[in-house]
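Please find below a colleague's note on the model under review.

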Amino acid sequence: MKTFSVLFIIYFYSFQEISAQTFNSISGKIIDDVSDKNLQNVNVKIFKTAFQTQSAFDGTFQLNNFPQGEYILRIILVGYETKKIPLTVIGNNEEIDLGIIRLSEKLKEERENGFINLSEEELYEDEKGESNTISGILVSSKDVFLKTVAYEFSPTFFKPRNLGSEYSQVLLNGVKMNKLYNSRPQWSNWGGLNDVLRNQEFASNLSPSNVTFSGIAGSTNINTRSSTYRKGVKISYASSNRSYKRRIMGSYSSGLLQNGWAYTISASRRFANEGFREGTLYSANSFFVSVEKKMNDKHSFNFTTIYASNIRGKSSPITQEIYNLKGIKYNSYWGNQEGEMRNSRIRKIEEPIFQLNHFWNINKKISLQTNATYQFGKFGNSRLDYGGTRIIIGNGNQNIIGGGANPDPMYYQKLPSYFLRNNDNLDYSNAYLAEQEFLNNGQVNWTDLFTKNQNTVANGGNTIYALYEDRNDDKQLSINSILYAKIDEKFTLNGAIGYKKLKSENFANMLDLLGGNKFLDVDVYSNNLKEAQSDLQHPNRTIAENERYKYNFILNASVLESFIQTQYNSKKTDTYIALNYSNTNYQRIGLYENGSFPENQSLGESAALNFSNFGVKSGFTYKLSGRHLFSISAAYLTKAPTLQNSFSNMRENNDIVIGLTDEKNALFDISYYLRHPKINLKLTGYFTKQEDQTQISFYFADGLSGLDSAENTAFVQEVLTGIDKQNIGIEMGIEIPIISGLKLKGVVAIGKSVYTNNPNLYLTSDSFTKSLKYGKSYLKNYAVSGGPQQAYSFGFEYSSPKYWWFGATGNHFSNAYINVSPIIRTKNFYTDIDGLPFNDYDENIAKELLQQEKFDSYFLINIVGGKSWKIDKYYIGFFANVSNILNTEYKTGGFEQSRNVNYKTLKKDKSRNLPLFGPKYWFGYGTNYYASVYFRF
């Protein structure tokens, strides 16, 4: 931190002494073309220079001290058409008054607004329900490649450069909103507030940002300063068949009043009894308030609060067998209860945000922004528990009995494949009955669960089946300051320092006993009553609804972070360099003493974790001419592991991941830009190297070697450390105007993302005392999953002078791969339970068994269109988008199940016509639409 402070002071004071010169000035007044009202906070910038300002309350602006030359003055305000004014300054000390400048409102704004809705609802959720897409980050970009990725590629879970959202940053007024748990932005925290979250500053990949060092996949800063919103009312209604069916939204902004106050409010509701997938209810309410007080020309305060409550039914990944029987809309998580659709896997998020900002214009060249943000709330994911038990006494011993059958309608013993598992004894009769049962019912049988609970309770037992949720209750405080200094007409200096502190309570919460009366808090799968206890401090405890059980712990985290950046912009070159430093601290505090991990193994404080990280990035652009530009950028940075990947089994114990270390990232890209009246093109080549990543997975494994007992099955935590990856490829975006209003556009993304080493793998479990260390997992040269690695798009857009528009695109996707199972690529795969290799191990067969699945390529056609009307001072608009009009069925992702973890069990399963534990897949939407209409005045 001392080093960064010294650098900051040297940069600042060395440039302050640059001698002043006498140059020219330009002034004017900006008003609305229809209402003649003054427009404040309009961005006025001399193109390709550092000269810029904003219009004052009365619409006036003035730019000073720029030299002679030929310029383009750009006047930009969100919601208005950008105006460009050519200027020729031939002398010194000229005072140019442009007089009244009229801006016309943009009638096509709902086109982008509609697309933003797509990004928030087409979020990829992995098996843990965590968003991993980056499409929402990209919607504010004007780059044709990135806009195409956001609008056309997002349904396929394509990720530019195969980087997930954990490598991007989303900021609210300069405050990073990514979760410390997994480093990903939680879109549901502000979903449904499109109108008031449209003011965004986007920095792609390694591009410089004025408020943050950015992640390697870029950053988006959302500006909610109330005085920047256009005055007026907007009401809109939308219909869709994706995640939600209906959306109602309204907003009002006062503009900056004469007393220095400004306020903006917005509210929306999104809802559906069922989305595109069966049983996926959706209910979301969102509220937004921003209030600003401008004290004087130097000081202004802004307060923003966001409340977004989101309840969403999840959908299940399915095997090929399930797909053949039920199709892409099938979802195993729901069933009918007394005529009502009920989903067992509900995600509930309610985490309000409160933020106070202070804007200080120290002088004409230096500004300081200070922010304080507090966020708290709850995040829950529900699921069924079928491990209810009771304790019986026999021969003086206490024993656990109970537990129920797995209620999942996709459980392998309920499917036709189970009765056809023995090739020499095929049971076609029961396979047919199982097929018919699944086709006719095939959903969660809530009535049966209630009945079995009631019968058990009537006989003196405890509840067997229950519905609970995995809960995270977070409290987080963030404080930071951002400094911006304009040294002269070419140099700028900016930096920030911030502190964030998180307290996260994590526990299982009993939601519904499903007709039962109490639930015994022990592990039904344990043979030892002491080891079965969730909390030895309260043994054999029975719980009621809305009580904690299973696990209960606190995660504490804090991050101190700073960055400094300087930029130089001239007529022929642009360059920047940025430095970043952070210090991260984690600790787990166990509130339960787990029976399998007694005393301080699970209870109390874990060892404290500390990570110091740094980053450096730089870029250079050479302008051969106004039409031909070349840029190059590079970065090297380290990144602390996430909370999620720091503890091997945080729900049960304090164990830290063995060999845990920082992640290293090295990046390089080079681009060529062609800016021509007849063609606009960007071509980029990139290389990314990522080292020492960590990954933790949970599953039930059959066929484990190295155990002390004859048992070879267990529910395990798989810890993979030292993962290295490489991403290399090219990106191209091109736009070609054909005639007035009509342009063609094309995008190409060709990448290759692979593992470049064989990381280390070990297993932990409460079924064995010592971790099973299997050494290397041979993943080298396997493809990294994460959507298609090759994507192509070609289409057109037509905008009529009469304010209607239409467009269509054809998109081709290929080279998408399944997520491979690391454990079946270790020595355990060829080792029997006695520790010796299988006698019948065949390397050629093994190679075929371990071949990574490559998904079929596919082609999607999307169309979009809309119309806007202006009637006096009123605006009416309509927008519609239809995606996948050919109703193509395609896989967007999937993973190999890790149930069969050795050669014999996997070979046997794959020899069947229908494997019992085949890969599970996610499928894209079929034909789907989004349509909206708005009214604004």
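1. Strand β8 (residues 169-172) pairs with β9 in the antiparallel sense over two bridges; pairing requires at least two DSSP bridges between two strands. Leu 172 has Val 175 in β9 as its bridge partner. Strands are DSSP runs of E with at least two residues, and helices are runs of H or I with at least four, numbered from the N terminus.

2. These strands belong to an open four-stranded sheet with mixed pairing, in the order β9-β8-β11-β10. Its edge strands, β9 (175-176) and β10 (200-204), each pair on one side only.

3. The model is predicted: local features need pLDDT of at least 70 and side-chain atom pairs count only at pLDDT 80 or more, while totals for chains, interfaces and linings use all residues. Residues are numbered from 1 along each chain as its sequence is written, and side-chain values use heavy atoms, with hydrogens and water left out.

4. Asp 474 lies in strand β24 (residues 466-486). Its side chain forms a polar contact of 2.6 Å with that of Ser 504 (N or O atoms within 3.5 Å, one able to donate a hydrogen and the other to accept it; residues adjacent in sequence count only if both atoms are side-chain atoms).

5. The protein contains 10 helices and 45 strands. Its C-alpha trace spans about 105 × 60 × 55 Å along the principal axes. Of the 937 residues, 56% are buried (under 20% relative accessible area, 1.4 Å probe, protein chains only).

How values were computed:
Buried < 20%, exposed > 50% of the residue type's maximum accessible area, 1.4 Å probe, protein only.
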